[in-house]
Amino acid sequence: MSVMKNILVVSVNWLGDVVFSTPVYRALKAAYPGARICVLAVPRVREVLELCPDVDDVIIYDEGGREKGLGGKIRAALALRGRKFDAAFILRCSLSRSLVLWLAGIPVRAGFGRMPWQWLLTHRADEKGADEAHRSDVYLRVIQSFGVKGSERSARLEVPRDVCERLAMKLRARGLTGDERITVLNTGGNWGLKQWPPDRFALLAARLTRELGATVVLPGGPSDLSRVRRIAQDSGVDPVVLAGDTDLKELAALFKRAHVVISADSGPLHLANAV
């Protein structure tokens, strides 16, 4: 492998998948300890990538905004060309992003390429059995196609002290002293099939509080607020409601502080595991 000083990784788009992709950055740092690792990512996953200790910079790629349309792709390519990346690793099969990397003139472009546009890549990752493989293993195949060794799939994120302090202030404002045994109920999910019924969460919150003495905390985004408030009211035990009042970094800090996290199969579940 040649010497690399400036490396770009094109991120996947969803929270859980981003967590699963963190072993890629760790492997690249191990292979090229002096290199700068940058990530091209959609806005919604920026905060999670900023918690990855092996990522040096996050470049926003917003196909619904600045990078929309052909003109936006050309602007993105010109901006990347100016940063003179030695290599780019694209973790998802994407014609538009592969085209941007080619237009940017990045000499090494590794990823999942399909006919008729596979020529946009210089190195193709093996897709055989990818649907059955762990997502981390699939993402590692991209750097392996260029000869970078990496097989450790455990995710690793680090929450800065100032973020933990912000979260602690919000908990203190709700009467928590810091000695509580916090149980987090993540009640949301991207699809209805992944959401346990609210009345079940309310019953669980009540039992955790009355039978085990747990301090139940209900996080979530702004869109979760009405459901979380209904769960809190129906539980009858006054759980701590944080929905709509934390960003993704503070959510990670909450998971780090918690004794137990109960969640559906969703991005926050994998975020909890990583911290």
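Predicted model: local features only at pLDDT ≥ 70, side-chain atom pairs only at ≥ 80, totals over all residues.

Trainee: Great. How many helices and strands are in the chain?

Mentor: The chain has ten helices and ten strands. Along the principal axes, its C-alpha atoms fill a box of roughly 60 × 35 × 35 Å.

Trainee: And what share of the residues is buried?

Mentor: Buried residues account for 50% of the 275 in the chain. The exposed surface comes to about 13,400 Å², with carbon and sulfur atoms supplying 51% of it.

Trainee: What about contacts between residues at least 6 apart in sequence?

Mentor: Of those, 61% join residues at least 24 apart.

Trainee: On to pockets. How much space lies in the largest pocket?

Mentor: About 810 Å³. Its lining has 31 residues, and those nearest the centre are Leu15, Asn190, Leu248, Gly267 and Pro268. Two or more lining residues come from each of α1 (15–31), α9 (248–257) and α10 (267–274).

Trainee: Which element gives the most to that lining?

Mentor: That's α1, with four residues. By class, the lining has eleven nonpolar, 13 polar and seven charged residues.

Trainee: What does His270 touch, leaving out residues up to four places away in sequence?

Mentor: Gly16, Val19, Phe20 and Asp265.

Trainee: Okay, and the second largest pocket: how much space is there?

Mentor: About 260 Å³. It is lined by 15 residues, and Leu91, Arg92, Cys93, Phe112 and Arg135 are the closest to its centre. The lining has eight nonpolar, one polar and six charged residues.

Trainee: Which helix has the largest share of that lining?

Mentor: Helix α5, residues 135–144, which supplies three residues.

Trainee: Then let's look at α5 itself. Why is it described as largely enclosed by the rest of the structure?

Mentor: Because seven of its ten residues are buried. The buried ones are Ser136, Val138, Tyr139, Leu140, Arg141, Val142 and Ile143.

Trainee: And what covers those buried residues of α5?

Mentor: The cover includes α1, along with strands β4 (87–90) and β5 (108–111).

Methods
Residues numbered from 1 in each chain as written. Heavy atoms only, no water. 1 Å grid on protein atoms, 1.4 Å probe; cavity = no way out; pocket = protein on both sides within 12 Å on 5 of 7 lines; lining within 4 Å. Points joined across faces, edges and corners; volume = space filled by probe spheres on them. Nonpolar A, V, L, I, M, F, W, Y, C, P; charged D, E, K, R; others polar. Contact = heavy atoms within 4.5 Å. Buried < 20%, exposed > 50% of the residue type's maximum accessible area, 1.4 Å probe, protein only. Areas by Shrake-Rupley, 256 points an atom, 1.4 Å probe, with all protein chains shown as cover.
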